Amino acid sequence: MMTFDANIPNKEECQTCTLTFAYKEINILYEIAVMLNSSTDIHESIEKAMRRLKQHGYLERCALFRKKEDADELELLSSIDLEPYQKKMASYRFGEGATGLAAKSREPIVIENIHNNINYLNKMGNISTQMVSYVAVPLLQDEAVIGVISANIGKNSPLNFDEIVRMLTIVGSLFVGALKVQQTFTKEKESLSELKTYYKEEMQKEYKFENIVGKSTRMQQVFSMINTVAPTDATILIRGETGTGKELIATAVHNLSRRQNGPFIKLNCAAISETLLESELFGHEKGAFTDAREMRKGRFELADGGTLFLDEIGDITPALQVKLLRILQEQEFERVGGTKTIKTNVRLVAATNRNLEEMVRKGEFREDLFYRLNVIPINLPPLRERYEDVKLLIEHYLHRFMKEHRKTMHFTKQAMELLLDYPWPGNIRELQNTMERIVLICPDGEIQPEMLSHVLPFNYQRIYMQNEAPAAAPAPIVNHEPIPAPMPNHSAPASSTPVTRKSLQELEKESIIQALIDSHGIQTKAARALGMSARQIGYKIKQYGIEL
């Protein structure tokens, strides 16, 4: 009769034990996969995965090496339980030590006892008595070695060497896959950044300042000023009439500054009520006022590290002027309903179409705030003083809206002259809107002067549109033969007088002469009556030889 030792497991118990270990390994590998996919810092995730393996007793010290691109040498990428000086020493040439030998042979290297094996170089030092064995597993991609994962194994490890090698091979593959995804993402991000920079530079080539169209002397002076002051952090005050492009200038200042990669926040102070403007600028705390259900950051806080553009700065109230002065001086503020002082680093660009000096004189605008804002003034000329740029702008917006609305058209010489002579009191904004109306209303092909009757003001059209009268009848042929009496036509009028047609130039000259007579020879008054600028009427008087 045979007896069995109760301490020796039978075959069924061994199978159960093996299944338990396999199930545990699968759970750990699943946890590691989740770690690698749930964090943007891939190196931190790899180190967490290594610590999870150590926690379960599979290894004592783990390191991931990467092959250098230009040499057969391994450099340390991630590790646990190594001091900074140890990390500096942890590099191996192919064939050097057990780690380098695994890379050269492309086969796993197992050292059962590290204390008496010359292949274990121990470059990283500090060997614990618990560390008995060492395993190095090469990581392959397309049959080429891309790295090595290694680990010290304690004598109490629950797995044998074959299982450890299999575990490290799987874990190493997960690490490499995660690193490859991150490298691809980083490369695409850099490529997009380079592409963005390229297109931005291409956009600025023609006119240098993105959408700002202008080659006139006045605009070249503005561009020169922007180039000079944009790289600084000085406060800028942009002044000019409505529609002259103040926001485009502010955008150019930001794009040419050291803050170009920071936020560019815009706010029109005249478009928001007085009660809400403070909250928009400085933000508010939860419960600061009715409907303040949660904390909200203001524009100064959102623009931290970038540029804040405040349009219509002349419309803010005296109370807000005080708070704005403080933030300009001290770069700090409190949210509405809050007590915590918030620091901010913002470059302010303000704009206005109002006469701030007159407002200061009347006490409507703080003098100290005016001087704080007016560090670098940039004065934008109205479009009537940029005559050289009008044709450029017309062509620019014509092409833009033709492309947008899929139409093809061009101006006749007379139609272009009509637009060039118009004073554009609404400046670039009026010109832009007018060009879009022209593209939408007019059919494809040539744009004649009479087609512009719906897009220009009536008091300006009257100078040009009188030529819409019917063309003059041809002169009768004079001879001495009797002319037969015409057949009666009861639907025709009894008689008609031939109408002569005057040219645009003749009509314009007559209108200018009449306006000068009505204004007693005062050119500025005559120009105002005709909707022209003083420069334009002076040019026309000289062109037509009108004597005053």
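Modeller: In this predicted model, strand β7 (residues 236-239) pairs with strand β14 (residues 347-352) in the parallel sense, over 4 bridges.

Colleague: Which residue stands opposite Thr-352 in β14?

Modeller: That residue is Arg-239.

Colleague: What is the order of the strands in the sheet?

Modeller: The order is β8-β11-β14-β7-β15, an open sheet of 5 strands with parallel pairing. The edges are taken by β8 (264-268) and β15 (376-379); each has a single partner strand, so one side of each is left without a neighbour in the sheet.

Colleague: And by how many degrees are neighbouring strands of this sheet turned against each other on average?

Modeller: The average is 15°, with direction ignored.

Colleague: Let us turn to the helices. At what angle do the axes of α13 and α15 cross?

Modeller: The axes of α13 and helix α15 (residues 427-441) cross at roughly 45° and come within 9 Å. That angle makes α13 oblique to α15. The crossing of α13 past α15 is right-handed.

Colleague: Which residues meet there?

Modeller: On the α13 side they include Val-390, Leu-393, Ile-394, Tyr-397, Leu-398 and Phe-401. Among the α15 residues that they meet are Ile-428, Leu-431, Met-435, Val-439 and Leu-440.

Colleague: Staying with Tyr-397 and Phe-401, are they buried or exposed?

Modeller: Both Tyr-397 and Phe-401 are buried. Being 4 residues apart in helix α13 (residues 387-405), they are separated by about one helical turn.

Colleague: On to the rings, then. How many aromatic pairs does the structure hold?

Modeller: There are 7 aromatic pairs in the structure. One of them is formed by Phe-282 and Phe-300, which are stacked at 5.7 Å centre to centre with 5° between the planes. This pair links distant parts of the chain, as Phe-282 lies in helix α8 (residues 274-282) and Phe-300 in helix α9 (residues 299-302), 18 residues apart. Phe-282 and Phe-300 are buried. Tyr-397 and Phe-401 also form a stacked aromatic pair, with 6.2 Å centre to centre and 20° between the planes.

Colleague: Which residues do ring pairs link into a cluster?

Modeller: The cluster consists of Phe-282, Phe-300 and Phe-333, linked by ring pairs.

Colleague: Where is Glu-143 placed, and is it buried or exposed?

Modeller: Glu-143 sits in the loop between β5 (131-141) and β6 (144-154). Its relative accessibility is 59%, so Glu-143 counts as exposed, the cut-off being over 50%.

Colleague: And what about Glu-312?

Modeller: Glu-312 has a positive phi of about 55°, although it is not a glycine. The loop that holds Glu-312 runs between β11 (307-311) and α10 (318-330). Glu-312 counts as buried because its relative accessibility is 13%, and buried means under 20%.

Colleague: One last item: which residue follows α4, and which residues of that helix are buried?

Modeller: Arg-106 follows α4, and its phi is positive, near 60°. In helix α4 (residues 97-105), the buried residues are Gly-97, Ala-98, Thr-99, Gly-100, Ala-102 and Ala-103.

Methods. Residues numbered from 1 in each chain as written. Predicted model: local features only at pLDDT ≥ 70, side-chain atom pairs only at ≥ 80, totals over all residues. Heavy atoms only, no water. Phe/Tyr/Trp six-rings, centres within 6.5 Å; stacked < 30°, edge-to-face > 60°. Helix = DSSP H or I, 4+ residues; strand = E, 2+ residues; numbered from the N terminus. Buried < 20%, exposed > 50% of the residue type's maximum accessible area, 1.4 Å probe, protein only. Pairing = 2+ DSSP bridges. Axes fitted to C-alpha atoms, helices over the stretch in contact; angles between N-to-C directions. Parallel < 35°, antiparallel > 145°, perpendicular 65-115°, else oblique. Left-handed = near helix turned anticlockwise from the far one by under 90°. Contact = heavy atoms within 4.5 Å.
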